[in-house]
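Here are a few notes from going through the model. Have it open while you read.

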Amino acid sequence: ICAGKMTLIGVFRVLLCFAGLTLSGYALFVEIKIHNDPSYVALCDVSEHISCSKAFMSKYGKGFGVLGSLFGDDNFLNRPNSFYGILFYILILISGMLKDFFLARLAFALVIISNLFSIYLAYILYFILADYCVICFATYVVNFLLLFPTHATASSKSKRQ
């Protein structure tokens, strides 16, 4: 069930997933720190308009700005976006290690969805919050780059089956 030798595409995918996990983990760390200490200033808070904290702590930083409206702010689904990012990168990482056509296609579909969310969040960041978030932008780049290895994996696994 597990893949044997890792290809260059597999290594690229693993590196991207670890980059995404690191970015999402840092975002969650910042959110928890600010929640516990409102005077905390994150390394990514450079100025008033270059601030990751502003993005993370906005209503769009939790449940993508949608889940709270749908299910209530206190609902267990209304988690920080970084929480969902961590789950996403773990799923993409695991799916790449397994030889399964369905999982490969599912991973590619999830990466496409993550890119749609990246576009949505980038729009909000720029046009609504008037902010630039270095961590957010880096996450968008990771999500975009994940299109290539997940597509290659889904295509190669479909040819083998």
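**Pocket and aromatic notes**

1. By class, the largest pocket's lining comes to 21 nonpolar, 10 polar and one charged residues (Ala, Val, Leu, Ile, Met, Phe, Trp, Tyr, Cys and Pro count as nonpolar, Asp, Glu, Lys and Arg as charged, the others, Gly among them, as polar). Bear in mind that this is a predicted model, where local features need pLDDT of at least 70, side-chain atom pairs count only at pLDDT 80 or more, and totals for chains, interfaces and linings use all residues. Residues are numbered from 1 along each chain as its sequence is written, and side-chain values use heavy atoms, with hydrogens and water left out.

2. That lining is made up of 32 residues, with Phe 64, Asn 81, Gly 85, Leu 121 and Thr 139 nearest the pocket centre. (A pocket is an open set of points on a 1 Å grid over the protein atoms alone where a 1.4 Å probe fits, with protein on both sides within 12 Å along at least five of seven lines; lining residues have an atom within 4 Å of a point.)

3. On to the rings: the whole structure has 11 aromatic pairs (ring centres within 6.5 Å; planes under 30 degrees apart are stacked, over 60 edge-to-face, the rest tilted). Phe 117 and Tyr 120 have centres 6.5 Å apart and planes at 80°, so they pair edge-to-face.

4. Ring pairs also join Phe 64, Phe 83, Tyr 84, Phe 117 and Tyr 120 into a cluster. Arg 79 sits over the face of Phe 83, 5.2 Å from the ring centre (the test: NZ of Lys or CZ of Arg within 6 Å of the centre and within 35 degrees of the ring normal).

Methods. Rings of Phe, Tyr and Trp (its six-membered ring) pair if their centres lie within 6.5 Å; planes under 30 degrees apart count as stacked, over 60 as edge-to-face and the rest as tilted.
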